[in-house]
Amino acid sequence: MNEYDSHLVASELAAEGAIFVDSLEQANFVLVNTCAVRGKPVEKVKSLLGKLRKEKERRREPFLIGMMGCLASLEEGREIAEHFGVDVLLGAGAIHKIAEAVRSAGRYWDQGFYPELDEIIPQPPHSLSAYVTLIRGCDHHCTYCVVPRTRGPEISRHPDLILREVEGLLEAGVIEVTLLGQNVNSYGKNDPAYPDFADLIRQVAALGVRRLRFVTSHPMNFSDRIIEAIAETSAVGQYVHLPVQSGSDRILRRMAREYRRDYYLERVEKLRQALPDLVLTTDVIVGFPGETEEDFQQTLELYDQVGFDSAYMFIYSARPGTPSYERFSDMPREVKVERLERLIEKQKEWSLRRNQAWVGRSVEVLVRGPGREEDWALGHDQSNHPVLLPAASVPGPGLYRARIEQASPHMLFGQVEENLLVAEAS
Ligand code: SF4
């Protein structure tokens with residue numbers, strides 16, 4: 001979502017005539033998009049703002065510092081902004097005010113939430129894949145999560161705007177669209193005139209999107225209707241990201257996650273029945289306050305029951321203002337780190353097993369740019385596996401049919417069989 005929001009703001013600034021530069025020395029306005037979901041990104045923001053404040057003191061000509069996004073929505077963000085002399089502060093619900101803020105050329109702070117934000121259709125990115133926001137905010141109240149405070153309650157965008165945005169992307173040559181929201185499954189819930197998420201998937205796919213993805217989901221809202229829509233829409237493929245967070249009912253209750261382990265397993269079962277090639281990924285928080293070794297063992301057991309293809313695994317980060325921060329005391333960091341290491345090992349075993357099942361199969365790989373190493377081009381397949389292809393057989397960004405020849409826990413390695421679509425140099 002932050003990537004989408006950065007792009008939206010860049011689009012608004014470009015319309016104002018802004019020129020984007022690569023180095024701090026060339027810039028007279030630097031805008032930092034922030035994340036508040038964990039402690040580490042907040043520390044990174046402070047360190048960057050410290051550098052920017054020094055730059056501002058050094059400059060003779062005007063130099064503005066901006067801060068936007070989730071941290072900028074919070075009281076904590078206000079205090080940080082005050083400390084580092086931030087000129088432009090735009091909370092996550094006010095980022096569309098960027099042009100007005102820059103025009104003011106002075107202090108401009110706004111932490112409000114404005115429905116007009118959702119009416120903006122940003123310029124298509126210069127890329128083969130793009131994001132489209134469906135819904136902002138969240139109506140769940142997970143006790144560890146700061147998002148309901150930073151992004152407010154769920155607000156679904158008007159479906160006409162979404163469809164118009166997707167049409168624009170397709171005209172610009174985009175072949176992969178990712179639908180975004182804190183909880184996309186709830187789309188349309190508060191407006192009977194809107195389609196639900198299942199129907200929206202069908203409507204977006206009908207526009208001719210070659211590859212359609214969505215992130216992220218909540219197990220409580222992942223209905224049978226959504227599973228049916230995925231199964232009948234070939235553009236979606238068989239990739240689902242379904243955050244579980246813990247395998248222990250006691251901890252899920254403390255997290256206020258609303259579902260229990262059996263319910264999650266039942267959703268996975270339903271998904272596997274409908275999507276025989278399901279690639280399932282998840283999010284897990286390790287070391288939530290009060291998590292015992294037994295609770296953690298239940299998470300490890302859940303891993304063996306489900307066999308996730310991959311996972312985003314984090315140690316619990318106590319965020320000021322969240323219910324879990326107020327109510328529970330954090331556990332020693334060494335315990336959390338040790339559990340995380342065990343979970344990562346477990347995930348590695350499963351990722352290798354699951355990835356090896358793709359060896360010998362033919363997949364469509366979308367290459368957006370060069371790989372990290374010169375000899376390889378990095379792309380991802382329909383199931384969102386990262387795939388490395390020999391750079392010599394990849395003339396540029398595009399879509400390739402490839403045969404998977406090898407697998408590691410984090411990567412598939414393939415050989416190009418066919419160039420399906422090579423993007424123009426522009
Ligand atoms: S569903 Fe996701 S965004 Fe919403 S409160 Fe829970 S963790 Fe936060």
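## Basis

Residue numbers start from 1 along each chain, following its sequence as written. In this predicted model, local features require pLDDT of at least 70 and side-chain atom pairs count only at pLDDT 80 or more, whereas totals for chains, interfaces and linings use all residues.

## Domains

The protein is split into domain 1 (2-114), domain 2 (124-237) and domain 3 (362-422), with bounds that come from an automatic or database domain assignment. The contact between domain 2 and domain 3 involves 7 residues from domain 2 and 7 residues from domain 3; two residues are in contact if their C-beta atoms, placed from the backbone, lie within 7 Å. On the side of domain 2 that touches domain 3 there are 2 nonpolar, 3 polar and 2 charged residues. In these classes, Ala, Val, Leu, Ile, Met, Phe, Trp, Tyr, Cys and Pro count as nonpolar, Asp, Glu, Lys and Arg as charged, and the others, Gly among them, as polar. Taken over C-alpha atoms, the centres of domain 2 and domain 3 are 26 Å apart.

## Open sheet

Three strands form an open sheet with parallel pairing, in the order β5-β8-β9. Strands (E, at least two residues) and helices (H or I, at least four residues) are DSSP runs numbered from the N terminus, and two strands pair if DSSP finds at least two bridges between them. The edge strands, β5 (129-133) and β9 (211-215), each pair on one side only. Ignoring direction, neighbouring strands of this sheet are turned by 25 degrees against each other on average.

Strand β5 runs parallel to β8 (residues 176-180), and 5 bridges join the two. Ser129 has Glu176 in β8 as its bridge partner. Helix α7 (residues 159-171) lies across β5 and β8 and runs at about 170 degrees to β5. Axes are lines fitted to C-alpha atoms, for helices over the stretch in contact, and angles run from 0 to 180 degrees between N-to-C directions.

Strands β15 (residues 386-390) and β17 (residues 412-422) pair in the parallel sense over 2 bridges. Leu412 in β17 is the bridge partner of Val387.

## Ligand shell

Around the ligand are Cys138, His140, His141, Cys142, Cys145, Val147, Pro148, Gln182, Asn183 and His218. A residue is near a molecule if its C-beta atom, placed from the backbone, lies within 6 Å of it. The shell holds 5 nonpolar, 5 polar and no charged residues.
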